[in-house]
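Try each task before reading its solution.

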Amino acid sequence: MSVLVYTEISKGKIKKSSLEAVNYGAKIAGMIGSDVVAIAFNADDSHLSEIGKAGAKKILSVKENAFKNLDAVALSSAIEQAQKAENAQVILFSFDATGKSVAPRIAARLKAGLVAGATDYPVINGNSFEVKKNVFSGKATAIYSIHSAIKVISLLPNSFPVQFSDNTAIVSDFSVNLDNAKSRLIVKEIKQLSSGETVSLPEAELVVSAGRGLKGPENWGIIEDLAKSLGATTACSRPVADMHWRPHHEHVGQTGVAIRPNLYIAVGISGAIQHLAGVNGSKTIVVINNDKEAPFFKSADYGVVGDAFEIVPKLTSAIEKFKAGTN
């Protein structure tokens, strides 16, 4: 038996959330006395090496053109075949766009119990896994018990630190049969308005976000400058996305992307409960707002009351001076 981990490549790199899942898998494998097997699609040697250092003992390397667009139906079929080949007892994903579409399919195919968005390592009692996850928009924690023979778990990104070792994985070419994995895929190109985004929001450790307090899309330059100085990803509140000031993929909140960065800077955002639901897992929250009664200050670790158009450029300048060693 083994623990099977789905790994994904994005923008030429193994996603950090995938490496988190490999680490998590290694922890479980140690608990149940098995090994971690990762499955990677169209990965090169550097990708495979990194997966090994994260803890995988074996990597199933799939080289298929069918996976260029990460079709969920094809991926589900391939992972099911890998599960059967390796007799995997546990299958792990990241709780991201791919994990949300593939993990439920796998669970249904294999009649497996599923916990989506796990935030801690499982407590194992015999055949039972007790897994924690956030509920009620992050206001509470629930413990789910999985008793099925096969267990599927997806991990909330940025919930587990990535650790590397000098481990080297055995790489095995793995062929899949996609004859019965047919779907209709529509690819739509969307113009990206964010020039400074370097990491996807669910994986970002640093996020600079803004709301209607910016008064218009023409003022977003100060947010992008601050994000660039920090190496952060930009985000926005729902009203901003609804007014098309920013693209919808930047919307964080209950109805947008849920994030857990190490640092979340909110500029000109009042902090409605719907927004907080998507960001309250942040390790440190900094709020900049000219309204001292803004609800967001109650949830902030640090708060600055003042005009964002004065504070943000000064903050950016101070960061640049610090980086240059002139401060």
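**Exercise 1. Charges over rings**

Over the face of which residue does K133 lie, and at what distance from the ring centre?

Residues are numbered from 1 along each chain as its sequence is written, and side-chain values use heavy atoms, with hydrogens and water left out.

Step 1. Apply the criterion: a charge sits over a ring if NZ of Lys or CZ of Arg is within 6 Å of the ring centre and within 35 degrees of the ring normal.
Step 2. K133 lies over the face of Y144, 5.6 Å from the ring centre.
Step 3. Look also at K151, whose charged end sits over the ring of F129 at 5.1 Å from the centre.

**Exercise 2. The ring pairs of Y24**

Find the aromatic pairs that Y24 forms with Y121 and with F160, and classify their geometry.

Step 1. Rings of Phe, Tyr and Trp (its six-membered ring) pair if their centres lie within 6.5 Å; planes under 30 degrees apart are stacked, over 60 edge-to-face, and the rest tilted. The count by this rule is 7 aromatic pairs.
Step 2. Y24 and Y121 are stacked, with 5.0 Å between centres and 20° between planes. Y24 belongs to helix 1 (residues 16-32) and Y121 to the loop between strand 7 (113-118) and strand 8 (123-125), so this pair ties together parts 97 residues apart in sequence. Helices (H or I, at least four residues) and strands (E, at least two) are DSSP runs numbered from the N terminus.
Step 3. Y24 and F160 are edge-to-face, at 5.0 Å centre to centre and 75° between the planes. F160 lies in the loop between strand 11 (151-155) and strand 12 (170-173), so the pair with Y24 in helix 1 joins parts 136 residues apart in sequence.
Step 4. Check burial, where buried means under 20% relative accessible area, exposed over 50%, and partly exposed in between (1.4 Å probe, protein chains only). Y24 is buried at 0%, F160 is buried at 6%, and Y121 is partly exposed at 26%.
Step 5. For another group of rings, see Y6, F41 and F93, which ring pairs link into a cluster.

**Exercise 3. Confidence**

Over which residues is the pLDDT below 50?

Step 1. Start with the mean pLDDT (the predictor's confidence in each residue, from 0 to 100). For the protein, this mean is 90, and 93% of residues reach 70 or more.
Step 2. The stretch is residues 190-197, which has 14 contacts in the model beyond near neighbours in sequence.
Step 3. Where pLDDT is low, the predicted coordinates should not be read in detail.

Definitions and conventions
Predicted model: local features only at pLDDT ≥ 70, side-chain atom pairs only at ≥ 80, totals over all residues. Contact = heavy atoms within 4.5 Å.
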